[in-house]
Amino acid sequence: MSALATAPFVVAAVPLAGALVGLGLLNRPPALRVWVLLTTMVSLGSVGWSLGQASRPAALPFLILLPLMAFLTLLGQPAQRRLGSAWLLTLLFLALSLGALAFAGPVGDLCYAGFLGVLGLALWHFRGESSSPIWSGLATVTGGALAAALGLAIGPPAAPALALAGAVALPLVPFHRGYVTAVTTLPGNLPAFLAVAMPLVGFHLFAENLPHLSASLLNVVAMLAIAGSLYASLRALVQSHASSVIAYGGIGLLGIVWWSIANSGTTSSAALLYVCAVGSASAGLLLASFALRTRFGAIALRGVGGLAPAMPRLAVVLSLLALAGLGFPPFGVYAGLLGMLLAPSFVWSGAILLIAVAWVAASWYTFELVQGLLFGQPRANGGAQQDLQDPELAALALTLVLLLTLGLLPSKFFDPGQPGPTVVMSEGPWTP
Amino acid sequence: MDIGALLAVLTPILPLLAALLVLSGDARTQLARAQAGLWPLVATFVAAGVVLAMVSSREPITLRFYDPSSAANPALPLGFHVDRLAAVMMVLVSGVAAIIYRYSVTYMFQDPGYRRFLALIAVTATVLLCMVSSANLVMLFIFWQMLSYVLSMLAHNLHHPATLDGASKTFLFHRLGDAAFLAGIVLAHSLYGTVEFHALFARAAEHPVTLAPLPGIEMSGPTAVTLLLFVGAMTKSAQFPLHVWLPSSLYAPTPVHALLHAGIINAGGFLINRLAPLYGLSPATLHVAFVVGTLTAILGASMMLTQNDIKKTLGFSTIGQMGYMIMECGLGAFALAVFHLIAHGIFKGTVFLNCGNVIHKARREPVFPPTQSPVEEAPFSRLAWTTGFFTTLVMPLVILLATHGVLQIPIIHAQGSVIFLFFIWVTSSQAILTLTRLRGIPSWKVSAAMLVTLLFVVFTYLFAAERFTAFLYPNREEVDAYFTAAALPGPLFDGLVGLVTLGIVIGWMYLYAETRGQVMRRPAWLESWYPPLYLLLVNRLYVDRCYAFLGRAILRVAERVERRAAPRVS
């Protein structure tokens with residue numbers, strides 16, 4: 001078997017093997033933490049190696065981002081026994097998501113179905129840790145897994161079913177409950193990692209099946225995307241916990257990419273960049289929220305505030321992550337959005353004004369979230385206002401660097417076969 | 001890279017050095033570092049001055065760090081285009097920033113956020129300098145957005161709830177404008193395939209496009225683009241009804257206002273000037289700008305009269321002045337608007353820097369109104385009043401006719417020239433009406449002051465403003481084209497001129513009666529308007545409350561949606 005053919009197997013096998021070995025270290029949290037970090041680094045190396053084989057250059061940002069974000073989300077985790085299973089699940093999700101992206105055809109779809117299946121099991125396993133019911137989320141994820149399995153069994157005629165499965169992971173209202181439940185109820189670093197992994201695999205699945213979807217179905221998707229984006233933005237305004245605000249905010253922003261794809265009928269690397277960036281920004285914000293949770297517990301937003309003087313490190317990185325998340329230049333979310341809107345394939349329509357409303361709403365709830373946490377009279381309900389520790393700070397700072405890199409990356413780093421996230425500033429010959 | 005290009009790049013970078021200098025090191029040396037931080041800002045001002053001198057005598061400086069004929073990353077298509085407009089704005093911004101920074105080094109010394117604040121002033125200078133020297137619409141938009149954020153950060157006080165609300169409102173309103181700006185860029189790119197200024201102007205002029213945004217409503221491509229961009233300008237320049245963020249941000253430290261009112265708020269006027277060729281293609285947008293500007297000028301000035309706090313009075317005065325500036329743009333007098341924003345910026349910056357001292361002094365030396373001895377009524381000065389009458393009403397007419405004869409300005413056919421001349425009259429009347437309040441001084445000095453004021457205003461408008469127009473827009477045909485595009489229908493224009501003339505004459509009559517101790521008869525229905533009008537203005541036309549109601553309504557809907565959609569905990 002040639003290196004080209006073995007690359008996807010290697011890419012998926014490394015984190016899977018790491019998870020299996022890690023089972024033996026469950027009772028030794030510090031060692032397990034080191035092990036999972038090493039595994040993600042080796043996984044990153046294996047992805048780099050596989051890209052050297054140039055098997056699927058289109059997946060470059062996808063593949064690199066996943067082990068990188070797995071590493072970053074694990075980096076700031078405290079070495080606690082109760083988090084061990086979340087770390088191993090991270091490796092398992094990493095293996096399945098890399099498999100879904102690296103393998104073409106049925107194996108990739110199988111990995112995707114497995115990804116949703118494991119997610120369903122994880123939601124079931126950790127159901128006790130959530131204060132709200134998980135059933136709707138569990139049902140959505142199970143439905144998505146079944147749709148993926150159906151697509152696997154039938155093939156191209158089941159493209160709408162696969163697109164539906166994609167809408168579970170790349171959250172599209174009304175199939176968004178799985179994403180919300182995963183991001184708000186799972187323990188440790190899992191929400192942060194899944195905030196990146198789910199949209200990426202969902203985008204990949206939808207993009208793969210896009211050519212088989214009818215124009216009428218795409219119109220429905222476009223309408224759902226706009227309505228869903230506004231709906232999620234509205235709900236983000238009144239959430240009482242940071243993770244819920246981030247989850248609904250992510251859905252509101254990802255609705256824009258659904259609309260863009262359905263509107264133009266094509267995917268572009270700008271859309272891919274946007275998905276990567278929104279996922280990474282959500283992951284960064286969720287990591288910051290996890291840092292607060294470890295200090296103050298799962299208390300509502302109104303119970304914590306005025307942290308900036310006591311936690312200056314957190315204040316700086318959280319403010320910057322929020323800026324990145326709400327689509328500020330020069331971070332990746334802004335670059336992806338502008339790339340999508342200024343792409344040659346973009347078709348102007350009045351719907352852009354509704355999209356602009358969702359964009360403005362992101363500024364509203366994100367700014368309120370950060371302002372409420374950092375400024376005003378200090379209120380922390382007895383929690384220890386200890387600033388971020390070095391690993392936590394490193395994880396968040398590196399996420400910021402990643403977001404900045406995504407925003408400033410030259411177009412040649414994206415898929416050379418597709419139009420990049422670039423704007424033709426001034427074409428020579430131009431015909432109206 | 002020649003020296004001009006080097007300076008154009010260096011000018012926005014130097015303030016960042018000041019920010020780094022202030023933020024680095026420990027608290028013991030912060031004063032020394034803050035003082036040292038002034039020098040990069042002074043160097044910025046000097047560099048901007050040199051750049052202005054260079055572009056005055058040669059072609060604009062253009063430097064792009066991307067290839068305009070191929071593709072660029074949309075996140076940061078970095079490039080600088082420094083023409084005369086940009087250079088003038090760079091000098092204004094850097095000069096004002098250096099002065100305010102120096103003032104703040106002492107004024108803010110004991111503030112807990114001293115270093116953050118000084119660094120933010122320097123960063124704001126960088127953002128503004130990059131914005132005014134942007135080589136394309138996307139780069140301009142990037143720094144336009146950054147300005148939105150920096151402004152809300154400047155308005156932040158860590159613990160004061162009202163300041164936090166103000167900062168939040170400021171940011172949200174600016175993001176509304178940013179969203180409209182983004183939509184404008186996307187539409188411009190969709191229609192003309194470029195975001196480079198010159199290519200955009202050329203293509204918009206060469207390829208007329210008609211859009212139908214709603215059934216039965218048609219508008220040209222430039223009109224649709226400029227209207228969307230104008231919403232962005234409205235938010236930055238606090239135009240009615242998007243002005244509410246400005247009074248809300250008045251809790252911020254005094255130097256912030258000096259910077260805001262002297263530099264940041266001018267962004268709207270700058271944007272319209274930068275895109276003047278595009279606006280010149282859209283009479284409809286210019287008319288909208290005229291209406292919005294006029295409304296803002298009238299309402300801003302009216303609301304100013306009812307404020308009882310010095311900073312709010314100045315804030316509403318700025319809103320009125322910005323309305324005046326946008327109105328000038330709407331009349332096609334783009335260069336006059338820039339002249340106005342510079343003059344207003346310097347004036348208002350000075351006033352704001354002084355108002356901290358006034359407040360401080362008032363708190364230390366409270367002056368109560370006398371309770372026993374009535375204030376002696378100042379005598380009426382026939383000399384002062386007669387001079388005022390002649391300088392305001394008679395001499396402008398003489399000057400108008402003289403300019404028609406001597407300077408060959410066709411006052412009948414060219415609305416642009418009439419606008420210039422009319423502004424002379426309005427401005428001088430405003431100044432002289434103020435001077436006539438000095439009625440207790442029946443001296444030749446007051447009369448001489450009136451004459452000098454009139455001559456100064458006339459000189460400024462006829463020569464300085466004309467020269468400035470020729471400097472910013474050397475092509476006279478271009479200036480005439482803007483006036484033509486902005487021209488209002490003849491009867492409407494004449495009616496407006498007549499209405500303002502009537503206003504000034506009635507103002508004189510009112511003043512005359514007041515100074516003679518007489519009461520002007522006013523109809524009862526007019527008298528009955530006063531209390532509700534005062535109530536309306538003192539409550540700022542209830543616009544803030546309308547927005548608050550809208551915000552609460554959105555949140556109520558959101559809560560209702562949330563209650564219905566959220567899974568119930570059993």
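You're looking at a predicted model, where local features need pLDDT of at least 70, side-chain atom pairs count only at pLDDT 80 or more, and totals for chains, interfaces and linings use all residues. Residues are numbered from 1 along each chain as its sequence is written, while chains are lettered from A and ligands numbered from 1 in the order in which they are written.

**The two chains**

- Chain A has 16 helices and one strand, and chain B has 23 helices and five strands. Helices (H or I, at least four residues) and strands (E, at least two) are DSSP runs, numbered from the N terminus.
- In chain A, 61% of the 432 residues count as buried; in chain B, it's 47% of 570. Buried means that 20 or more other C-beta atoms lie within 10 Å of a residue's own, exposed means 12 or fewer, and partly exposed is in between, with C-beta atoms placed from the backbone.
- Take the contacts between residues at least 6 apart in sequence: in chain A, 82% of them join residues at least 24 apart. For chain B the figure is 77%. Two residues are in contact if their C-beta atoms, placed from the backbone, lie within 7 Å.

**The nonpolar core**

- The largest nonpolar core has 333 residues. Such a core is a set of buried Ala, Val, Leu, Ile, Met, Phe, Trp, Tyr and Cys residues joined through C-beta atoms within 7 Å.
- Tyr274(A), Val275(A), Leu321(A) and Leu147(B) have the most contacts inside this core. Helix H12 of chain A (residues 269-296) gives the most to it, with 18 residues.
- Leu147(B) touches Val127(B), Leu128(B), Met131(B), Ile264(B) and Ala267(B), leaving aside its neighbours within four places in sequence.

**Two helix pairs**

- In chain A, helices H13 (residues 312-325) and H15 (residues 351-374) pack at about 175°, with their axes 10 Å apart. That makes H13(A) roughly antiparallel to H15(A). Axes are lines fitted to C-alpha atoms, for helices over the stretch in contact, and angles run from 0 to 180 degrees between N-to-C directions. Angles under 35 degrees count as roughly parallel, over 145 as roughly antiparallel, 65 to 115 as roughly perpendicular and the rest as oblique.
- On the H13(A) side you'll find Ala315(A), Leu318(A), Ser319(A), Ala322(A) and Gly325(A), which meet Thr366(A), Val370(A), Leu373(A) and Leu374(A) in H15(A). These contact residues divide into six nonpolar, three polar and no charged. Here Ala, Val, Leu, Ile, Met, Phe, Trp, Tyr, Cys and Pro count as nonpolar, Asp, Glu, Lys and Arg as charged, and the others, Gly among them, as polar.
- In chain B, helices H15 (residues 310-330) and H16 (residues 334-364) also pack at about 175°, with axes 9 Å apart. H15(B) is therefore roughly antiparallel to H16(B). Their contact includes Leu314(B) and Tyr324(B) of H15(B) and Phe352(B) and Val358(B) of H16(B). The contact residues here split into 14 nonpolar, four polar and three charged.

**One face of a helix**

- Helix H8 of chain B (residues 197-206) has Phe197(B), Leu200(B), Arg203(B) and Ala204(B) as its buried residues. Seen down the axis of H8(B), they fall within an arc of 140°, so they line one face of the helix. The arc is that of the directions from the helix axis to the C-beta atoms.
- These buried residues pack against strand S3 (79-82) and helices H6 (137-154), H7 (161-192), H9 (221-236) and H13 (276-279) of chain B.

- The peptide bond from Val173(A) to Pro174(A) is cis, with omega near 15°. Pro174(A) sits in the loop between helices H7 (159-169) and H8 (177-185) of chain A.
- Another cis peptide bond joins Phe240(B) and Pro241(B), with omega about 5°. The loop between H9 and H10 (245-248) of chain B holds Pro241(B).
- Ala238(B) lies in the loop between H9 and H10 of chain B, and its phi is positive, near 50°, though it isn't a glycine. Ala238(B) is buried, with 29 other C-beta atoms within 10 Å.
- Arg540(B) isn't a glycine either, yet its phi is positive at about 55°. Arg540(B) counts as partly exposed because it has 18 C-beta neighbours inside 10 Å.
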